[in-house]
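Colleague: Could you walk me through some of the labels used for this model? I would like to see what stands behind each of them.

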Amino acid sequence: MSTMAREFIISLYLLMYKLFFNFFKLFPVKNKIVFVASFKDNNLYIYRKLNDKQFPGEVVFLCKESCFHSIKEKTSVPVYVIESGNFVHELKAAYHLMTAKTIIVDNYYGFLSVAKFKKGVECIQIWHAAGAIKNFGLLDPTVEQRPKRAQKRIKKVYQNFHKVVVGSDVFADIFKKAFNVKEEQLLRFGYPRTDFFYNQTAQEKKRKQFYQKYPQFKNKKIILYAPTYRPNPEDNQLKLDIDQLYKSLKDEYVLFIRLHPSVSISEINYFVYQDFVFDFSNKASINDLIVVSDLLITDYSSIPFEYAILEKPMIFYPYDLEKYQENPGIWAKYEDIVPGPVAFLTKDILRYIKSNDFDYEKYRAFKEKWNKYSKGSSSENIVYYLLKRHNTK
């Protein structure tokens with residue numbers, strides 16, 4: 001699709017929302033919290049804590065298709081799908097956005113560019129990751145390459161982030177630049193989904209459930225390979241030498257692969273590696289995999305910021321670092337962000353695993369740096385703030 005055609009479609013979509021917003025702005029604001037979700041975990045942790053505290057107001061979820069069903073299954077409140085072409089759901093979404101006292105978002109949503117909220121309404125950005133390696137927001141170099149109209153729209157969305165939840169001071173500094181927000185807009189509460197990694201009972205329950213379902217892995221060490229998504233589809237290829245790993249590690253280890261939903265790994269011959277390689281992209285939650293795995297291999301993903309809480313070894317495999325630095329880019333020198341070790345070839349990964357060459361002090365320092373405010377009570381912190389906003393004891 002050409003840039004012009006894309007912009008035209010976006011303009012029509014936003015015009016629809018602008019008309020809806022202008023009409024529903026005539027309705028009174030209610031004691032209501034609306035979640036706008038692309039990802040489930042942070043939102044569900046807040047939702048459950050609101051239930052625990054018996055929040056008396058209304059709660060509504062507006063979900064992208066990626067998390068619509070999983071959130072609908074785990075809640076007992078209205079859940080609508082957005083950005084899917086469902087006109088009725090989009091209409092209801094506009095109504096709830098204009099009549100809520102608090103809107104909680106976890107991503108970039110274009111319709112916020114045409115939303116003019118009433119005085120006293122607050123839009124809180126809770127984000128969907130505990131840290132970042134790659135650029136996003138206004139730090140993304142591709143923003144400047146987009147049409148002026150698109151750039152203006154993007155900035156208007158960020159202007160509607162009245163508050164931004166952060167888990168660390170370093171991430172706070174990144175958000176200031178990425179969203180053009182000021183210090184007083186930051187809520188240093190930590191990220192709700194990280195509460196799980198401080199809850200030993202919950203982790204043990206997950207571990208037990210996992211091994212009941214997959215008992216064949218009980219006597220194996222688990223390597224979790226979780227690469228992030230590349231902007232260019234042709235770059236989303238599996239660059240690990242599976243055969244090399246298989247020959248060296250098959251007796252002691254198994255390899256779990258967790259890919260982005262839009263990426264497949266059909267090039268792996270599962271018949272040859274059937275006792276070693278397993279695709280867990282859709283079979284288990286990332287929390288399950290973080291808990292049961294013994295070692296993480298990743299590149300530019302946000303998973304290490306949570307994995308570090310458990311202080312387990314990680315290997316960073318940015319095989320296409322030079323290209324990735326161009327698009328979407330990295331906010332600092334890669335080796336200065338990650339706690340290492342860094343490998344560019346499969347043989348280097350094997351060397352680190354075989355020698356058990358890991359600096360746990362670096363992992364602990366990384367954990368403290370990026371999870372300064374994520375200490376196991378982040379859901380409680382946010383819900384306390386929400387209850388205070390809604391005048392609820």
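Colleague: Why is Asp320 called buried?

Modeller: Asp320 has a relative accessible area of 14%. Buried means under 20%, exposed over 50% and partly exposed in between, with a 1.4 Å probe and protein chains only, so Asp320 counts as buried. Before we go on: this is a predicted model, where local features need pLDDT of at least 70, side-chain atom pairs count only at pLDDT 80 or more, and totals for chains, interfaces and linings use all residues. Residues are numbered from 1 along each chain as its sequence is written, and side-chain values use heavy atoms, leaving out hydrogens and water.

Colleague: Thanks! What makes Phe24 and Phe27 an edge-to-face pair?

Modeller: Rings of Phe, Tyr and Trp (its six-membered ring) pair if their centres lie within 6.5 Å; planes under 30 degrees apart are stacked, over 60 edge-to-face and the rest tilted. The count by this rule is 51 aromatic pairs. For Phe24 and Phe27 the centres are 5.6 Å apart and the planes at 65°, so the pair is edge-to-face. Phe24 is buried at 10% relative accessibility, whereas Phe27, at 30%, is partly exposed.

Colleague: And how do you know that Tyr300 and Tyr324 are stacked?

Modeller: Their rings are 3.7 Å centre to centre with 5° between the planes, and that pair is stacked. Tyr300 has a relative accessible area of 1%, so Tyr300 is buried; Tyr324 is also buried, at 2%.
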